[in-house]
Amino acid sequence: MFEDLRKVVTRAADRFKRRFYGSTFRCPVCHLVLAAIDADGNGLLVCPVCGAVLEIEQVYGHIVPVVLDMEIFRPQPKARLHPVSTHLPIGLFPFALLGAAVLFLVSLLPAGEGDLALTGYVGGAPVLADATLVLLVLSVGFSALTFASGYRDWRVRYRGRPYRQITLKIVCSAIFLAVGAIAIALHASGLVFATGSGLMQLGSPLGLAAALAYLGALGTNMIVLATLGHVGGTLVFGR
Ligand SMILES: [Zn+2]
């Protein structure tokens with residue numbers, strides 16, 4: 001079953017990549033997937049991972065990359081702030097999502113039931129709601145630092161050259177920040193959570209709509225974050 005699920009996810013990811021990257025080929029040195037569209041006017045492209053200077057030729061419709069040179073004098077950041085800081089949002093966000101999911105399930109419980117085990121969970125809801133908000137603010141806040149350090153690395157280390165991977169990462173980062181800000185605003189507004197009980201107000205139509213928008217925003221951001229991490233990983237480890 002997991003194998004089937006993996007196939008479905010891989011197929012969806014491949015389709016998305018084809019649409020975003022256009023025709024691709026592998027770097028002959030480090031095997032990183034590169035987009036042909038990133039080549040400059042002379043048909044040259046520098047691999048962001050290994051620094052191979054590639055000439056892109058089309059032979060009978062196939063892309064043939066030829067290694068012309070290796071770029072050895074590329075500025076390497078001494079303190080690698082981006083790959084370090086990226087672990088803060090990636091590490092914290094899933095717990096914010098988990099907190100929200102638990103709060104949603106607890107809010108679904110019928111009110112006033114005498115079950116002691118369940119009452120314990122409901123009593124902890126205000127603390128869990130506050131902890132979820134703190135995690136959310138920290139992960140989205142640190143992602144701004146991650147975005148800024150990654151952008152700087154692109155300008156300095158990759159000399160601002162166009163790479164589809166980096167364009168995708170910039171787009172995803174902007175989405176993560178915007179959707180994260182919406183989720184924080186919804187959480188803090190009091191529309192989703194009742195002030196006293198810390199439970200989602202699923203009974204009222206406005207509360208239900210706000211809760212679904214909140215959970216939808218968190219779910220969307222989890223997918224965006226996974227994409228950011230995956231693409232970032234290819235730029236660190238190659239393929
Ligand atoms: Zn390479």
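Buried means under 20% relative accessible area, exposed over 50%, and partly exposed in between, with a 1.4 Å probe and protein chains only. By that scale C47 is buried, because its relative accessibility is 0%.

This is a predicted model, in which local features need pLDDT of at least 70, side-chain atom pairs count only at pLDDT 80 or more, and totals for chains, interfaces and linings use all residues. Residues are numbered from 1 along each chain as its sequence is written, and side-chain values use heavy atoms, without hydrogens and water.

**The zinc site**

C27, C30, C47 and C50 each give an SG atom to the zinc ion, at 2.2 to 2.3 Å. Donors are N, O and S atoms within 2.8 Å of the metal (3.2 Å for Na, K and Ca); water is not among the atoms, so sites may look incomplete. The donor spacing along the chain is C-x2-C-x16-C-x2-C. C30 sits in the loop between β1 (24–26) and β2 (33–35), and C47 in the loop between β3 (44–46) and β4 (52–59), so this pair ties together parts 17 residues apart in sequence. Strands are DSSP runs of E, at least two residues; helices are runs of H or I, at least four; both are numbered from the N terminus.

The 4 donor atoms subtend angles of 103 to 116° around the zinc ion, so the arrangement is tetrahedral.

| Residue | Relative accessibility | Class |
|---|---|---|
| C27 | 1% | buried |
| C47 | 0% | buried |
| C50 | 22% | partly exposed |

**Elsewhere**

F73 lies in the loop between β5 (62–70) and α2 (81–85). F73 is exposed, because its relative accessibility is 71%.

How values were computed
Tetrahedral: all angles 85-135°; square planar, octahedral: opposite > 155°, others 65-115°.
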